[in-house]
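User: Could you walk me through reading a few features of a protein model, one at a time? I would like the general idea and then the case at hand.

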Amino acid sequence: MALSGKVESEIEIETGGAKFYHLFRKQLHHIPHISKDHVHGAKVHEGDWENVGSVKHWDITIEGKKTNVKEKIEGVDDDKKIITYSLYDDDGEVSESYKSLKVILQVIDDDKENGGIVKWTIEYEKLKENITAPSPHSFLDFATKVTKDIDAHLLKA
């Protein structure tokens, strides 16, 4: 595997794209209650829940192991429904394994009244070939599972 690259996934959702995107923009704090098997806690570390530059601390399960990461909002484009985050931790596996780890969420409305596509892109640069942190594919798998949990929750709401 290369030291830098990009992995992507597209997940069809039944929930309207605007409703799904709104949860990530304005209701991110609900995710630990929606995706309990994968997200165990979240709190604001710096700033708030929704503005560029804000940092959140997440307790998650990835690759079957409980861990924590910090996520910083790097950019928001509400017109295109795109949010860009960077992931890191303080003196942990992620910071020891990656020079950069960028996660991009894009929500694409379907032509139908409901439904759409959630596109996750993970751009990464590893510090070395063999890393101890979860792989980019594992982060993508985690995002896919959380996306499906959120879609199921929003359909019931």
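**Reading the model, feature by feature**

Analyst: Helix 4 (residues 136-156) has 21 residues and reaches 31 Å from its first C-alpha to its last, close to the 30 Å expected at 1.5 Å a residue. The expected span is 1.5 Å times one less than the number of residues, and helices (H or I, at least four residues) and strands (E, at least two) are DSSP runs numbered from the N terminus. This is a predicted model, in which local features need pLDDT of at least 70 and side-chain atom pairs count only at pLDDT 80 or more, while totals for chains, interfaces and linings use all residues. Residues are numbered from 1 along each chain as its sequence is written, and side-chain values use heavy atoms, with hydrogens and water left out.

User: Which residues of helix 4 are buried?

Analyst: An α-helix has 3.6 residues a turn, so residues three or four places apart point the same way. In helix 4 the buried residues are P136, S138, F139, L140, F142, A143, T144, V146, T147, I150, D151 and L154. Buried means under 20% relative accessible area, exposed over 50%, and partly exposed in between (1.4 Å probe, protein chains only).

User: How many aromatic pairs are there?

Analyst: A pair of aromatic rings is described by the distance of the centres and the angle of the planes. Rings of Phe, Tyr and Trp (its six-membered ring) pair if their centres lie within 6.5 Å; planes under 30 degrees apart count as stacked, over 60 as edge-to-face and the rest as tilted. By this rule there are three aromatic pairs. One of them joins F24 and W120 edge-to-face, at 5.7 Å centre to centre with 70 degrees between the planes. F24 lies in helix 1 (residues 17-26) and W120 in strand 7 (residues 116-126), so the pair ties together parts that are 96 residues apart in sequence. F20, F24 and W120 form one aromatic cluster.

User: Are F24 and W120 buried or exposed?

Analyst: F24 counts as buried at 7% relative accessibility, and W120 counts as buried at 6%.

User: What else does F24 touch?

Analyst: Contact means heavy atoms within 4.5 Å. Leaving aside neighbours within four places in sequence, F24 is in contact with I31, I83, Y85, L105, W120 and I150. As for W49, 25 residues from F24 along the chain, the two C-alpha atoms are separated by 9.3 Å.

User: What is the phi of K81?

Analyst: Phi of K81 is near 55 degrees, a positive value in a residue other than glycine. K81 lies in the loop between strand 4 and strand 5 and is buried, with a relative accessible area of 16%.
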